[in-house]
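Trainee: Could you walk me through reading a structure, one feature at a time?
Mentor: Gladly; let us look at it together.

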Amino acid sequence: MKTTGVVRRIDDLGRIVIPKEIRKTLRIRDGESLEFFVDKETITLKKFSTSADLGEIAQTLLDTIYTTINKSIFVTDRDKFVAGSGKLKKDFCGFNISTQLEEYLFSNENLIKDSGIINEIVDNISDEKEEYKYILSPIILDSETTGLVLMIVEDSKSFSEEDEHIVQIIANFLAKYLED
């Protein structure tokens, strides 16, 4: 475990403040839930996430759909890509989403079509300049966006109306799954 050198007092209501720099680095937003772990005299805080459940079911769903439509589809939580299919999987899965996708996450727009280079989609150390087109739909749970579903193709290709429907169906399915 790495020390930060930051020491905080607990106030009379039992609260502590997590420094802004740490919240920014770990992408902890106002109102987000944290999970507590205790081991002897150590308290560990971790961002609470349903992404483990989301990632497992999403991966199974995406693998199944990929066998039929042969297009790269990805699912994110609020921070990173948690599941994916297709030849672009290694370029996205496990990486943090870009600032641009984070903005889409909180815009609650139902379907967005856009294009950009890989670093405009994922926070990846790649210097790749290949252009991609993508459509995305938010996964909305209790009127809050918990993730995104993206279909990504090379810039020379285009999307059909069916592709848009598939992305929306996946987002709606995952929202229903997380609801239960």
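**Reading burial, bridges and charge**

Mentor: Let us begin with E164, which is buried, with a relative accessible area of 16%. Keep in mind that this is a predicted model.

Trainee: Why does E164 count as buried?
Mentor: Buried means under 20% relative accessible area, and E164 comes to 16%.

Trainee: With which residue does E164 form a salt bridge?
Mentor: The partner is K113, and the closest N and O atoms are 2.5 Å apart. K113 itself is exposed, at 55% relative accessibility.

Trainee: How many salt bridges are there by this rule?
Mentor: The count comes to seven. One of them joins the side chains of K87 and E154, at 2.8 Å from N to O. This pair links distant parts of the chain, 67 residues apart: K87 is in the loop between β4 (81-84) and α3 (89-92), and E154 is in strand β9. K87 is exposed at 55%, whereas E154 is partly exposed at 23%. Another salt bridge joins D11 and R15, with 2.8 Å from N to O. Here D11 is partly exposed at 30%, and R15 is partly exposed at 49%.

Trainee: Which residues gather in a patch of negative charge on the surface?
Mentor: Patch members must have over 30% relative accessible area and no salt bridge. The patch here brings together E120, E130, E131 and D155. Take D155: its place is the loop between β9 (144-154) and α5 (161-179), and its relative accessibility is 32%, so D155 counts as partly exposed.

Trainee: Is M151 buried or exposed?
Mentor: M151 is buried, at 0% relative accessibility. This residue lies in strand β9. M151 and I135 are 16 residues apart in sequence, and their C-alpha atoms are 5.5 Å apart in space.

Trainee: What joins the side chains of Q59 and D63?
Mentor: A polar contact of 2.8 Å. Q59 lies in helix α2 (residues 51-69) and is buried, with a relative accessible area of 17%.

Trainee: And the whole chain: how many helices and strands does the secondary structure come to?
Mentor: Five helices and nine strands. Read from the N terminus, the order is α-β-β-α-β-β-α-β-α-β-β-β-β-α. The C-alpha trace spans about 60 × 40 × 30 Å along its principal axes, and 39% of the 180 residues count as buried.

Definitions and conventions: Residues numbered from 1 in each chain as written. Predicted model: local features only at pLDDT ≥ 70, side-chain atom pairs only at ≥ 80, totals over all residues. Heavy atoms only, no water. Patch = residues over 30% accessible without salt bridge, like charges linked within 9 Å, V, L, I, M, F, W, Y side chains within 5 Å. Areas by Shrake-Rupley, 256 points an atom, 1.4 Å probe, with all protein chains shown as cover. Salt bridge = Lys/Arg side-chain N within 4 Å of Asp/Glu carboxyl O. Lys, Arg positive; Asp, Glu negative; His and termini not counted. Charge placed at Lys NZ, Arg CZ, Asp CG, Glu CD. Helix = DSSP H or I, 4+ residues; strand = E, 2+ residues; numbered from the N terminus. Buried < 20%, exposed > 50% of the residue type's maximum accessible area, 1.4 Å probe, protein only. Polar contact = N/O pair within 3.5 Å; in protein donor to acceptor, adjacent residues only side chain to side chain.
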